[in-house]
Amino acid sequence: MTVFSAFSDEEILTFLKQQVTDGTVTTDPQTLRQQSFNGNATGGEGGLARAFVEVGSVADIQGVLKTARKFHLAVVPQTTATSTVVGSDGMTGAIILSTRKMNRILEISKDDSLAVVQPGVVNGDLDQAARKQGLFYAPDPGSKPFSSIGGNVSTNAGGMSTVRYGATKDNVLGLKAVLADGRTISLGGRTLKQAFGYDLTQLFVGSEGTLGIIYEVTVKLLPIPLGQSIMGMAFFENMGKLAKGVAAIRMSGVNPTMLEALDGNTVVALDRYEKTHYAENSGAMLIFRLDGSSDKNVQVLQDLLTKYDGQHIQVTADAQQQADLEQLRRDMLPAVFAGRNHLMEDMALPLSQLAPMMDYLQDLSQRLGVMIYTAGHAGDGNVHPTFVWDKAEDQVPAAVLEALRQAFRKTLELGGTISGEHAVGMMKNQWNNPELGDNVDYLQHQIKTLFDPMNILNPKRKID
């Protein structure tokens, strides 16, 4: 079909450049390819953007959105582009709106226990700045050293300490955003409680850039716990037994900061990657941490690990050994991904259903002949099974797709969600109806239409 465009590319780009006065507009093919395809999601679909805009101000954001409305273009919000679900990759003909240069920490208030930051501030940088004042920023996704606060808010990122301190949504007090029509809004504030009006702050957290462009975030900071921090590891026969031990620890009152699980396949991969020998101990590994712990808490934890058949239990208060254990956990992904194609998933289960899900994944792997490496934040029921296959295969094998489909259905059957902390993007947007049901699925689209009637903000992401 022949399409007669009302405007040429040159006219569109000329208008766009006139609207962006504090940032930059880039259109060279190399930059567009680099920013349009982040390579974090094997088999993900994206497209080459028309322009890459690094905004420097709220006025620039408004200018990009004005351009998008005038020419009916999609806008893809982006900061450090670490999405694993094709949530911030380019779209054909779209404008990528990057806020990575809006990266200033505007305020750290010790009196109010909060920080005010621009979206491009890196999570780890904020945490380090807060620690200089005796505070810390709790959310710690695996991408902490390089992912941004803006991206964390857009996806409601979790992490290893979610079991104690919650996910990003539990640490956001307020935010400011530009709506699709150019209006600016200020949501929430600086108070720890707020009960006035509908909670639009939480609506924006996890919205994946589909409702507005966030340009400022106010987050909670916490005092660094007093007392000794300890970390350690224990080994179990399998993930099912590990999950039962984790459930007991959760209910014991010791209040762990970290309960990270790695199955036998993952431990073998880590041994290969780190030149260690952990796989000789057993079929699953638990890495744990207690902050501000007492001798009694440590003893209760060790007793429970022993009661639930934990073996080779090691506990350390040494700072370097703890850092090595944290790095071991962070090295899990490169160890599993090394030399293979992969799809890493992100289900979350009710705590009582974690053990059955672990057993199910092991059975699924054997039944379909698909290699699955399972790890996750066991303390909050978040499971990250990684499905891998030979690097020589360009397409996702049919057996892997079937394994994913069955794993998703089992998750929903057990009362869980297929996206605990990685968001939806384009990888899982076809599962809105199975997870949410007819009425809520329809309501989601109504909310999107209210905020973005022209559907220019990250279309096809979050909801299909």
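This is a predicted model: local features need pLDDT of at least 70, side-chain atom pairs count only at pLDDT 80 or more; totals for chains, interfaces and linings use all residues.

Student: Why are α13 and α14 called roughly antiparallel?

Tutor: The axes of α13 (residues 354-368) and α14 (residues 398-413) cross at roughly 155° and come within 11 Å. Angles over 145 degrees count as roughly antiparallel, and therefore α13 is described as roughly antiparallel to α14.

Student: Which residues of α13 and α14 meet?

Tutor: From α13 there are M357, Y360, L361, L364, R367 and L368, and they meet A399, E402, A403, Q406, A407, K410 and T411 of α14. Sorted by class, this contact of α13 with α14 has eight nonpolar, two polar and three charged residues.

Student: What makes α1 and α3 roughly antiparallel?

Tutor: Helix α1 (residues 9-19) packs with helix α3 (residues 58-71) at an angle of about 155°, their axes being 8 Å apart. Since the cut-off for roughly antiparallel is an angle over 145 degrees, α1 and α3 therefore receive that description. The crossing of α1 and α3 is right-handed. On the α1 side the contact is made by E11, I12, F15, L16 and Q19, while the residues of α3 include A59, D60, G63 and V64. By class, the contact of α1 with α3 has six nonpolar, three polar and four charged residues.

Student: How do you know that β5 and β6 pair?

Tutor: Pairing requires at least two bridges between two strands, and four bridges join β5 to β6 (residues 114-117), the two running antiparallel; because four meets that requirement, they count as a pair. In β6, L114 is the bridge partner of S109.

Student: What makes β5 and β9 the edge strands of the sheet?

Tutor: The open sheet has five strands in the order β5-β6-β10-β8-β9, with antiparallel pairing, and β5 (105-109) and β9 (184-188) each pair on one side only. Helix α4 (residues 123-131) packs on this sheet, where α4 touches β5, β6 and β10 (213-220), and the direction of α4 makes about 40° with that of β5.

Student: Why is Q321 called partly exposed?

Tutor: Q321, which lies in helix α11 (residues 319-330), has a relative accessible area of 43%. Buried means under 20% and exposed means over 50%, with partly exposed in between, so Q321 is partly exposed. The C-alpha atoms of Q321 and G232 are separated by 9.0 Å, although these residues are 89 residues apart along the chain.

Terms used:
Residues are numbered from 1 along each chain as its sequence is written. Side-chain values use heavy atoms; hydrogens and water are left out. Axes are lines fitted to C-alpha atoms, for helices over the stretch in contact, and angles run from 0 to 180 degrees between N-to-C directions. Angles under 35 degrees count as roughly parallel, over 145 as roughly antiparallel, 65 to 115 as roughly perpendicular and the rest as oblique. A crossing is left-handed if the near helix is turned anticlockwise from the far one by less than a right angle, and right-handed if clockwise. Contact means heavy atoms within 4.5 Å. Ala, Val, Leu, Ile, Met, Phe, Trp, Tyr, Cys and Pro count as nonpolar, Asp, Glu, Lys and Arg as charged, and the others, Gly among them, as polar. Buried means under 20% relative accessible area, exposed over 50%, partly exposed in between (1.4 Å probe, protein chains only).
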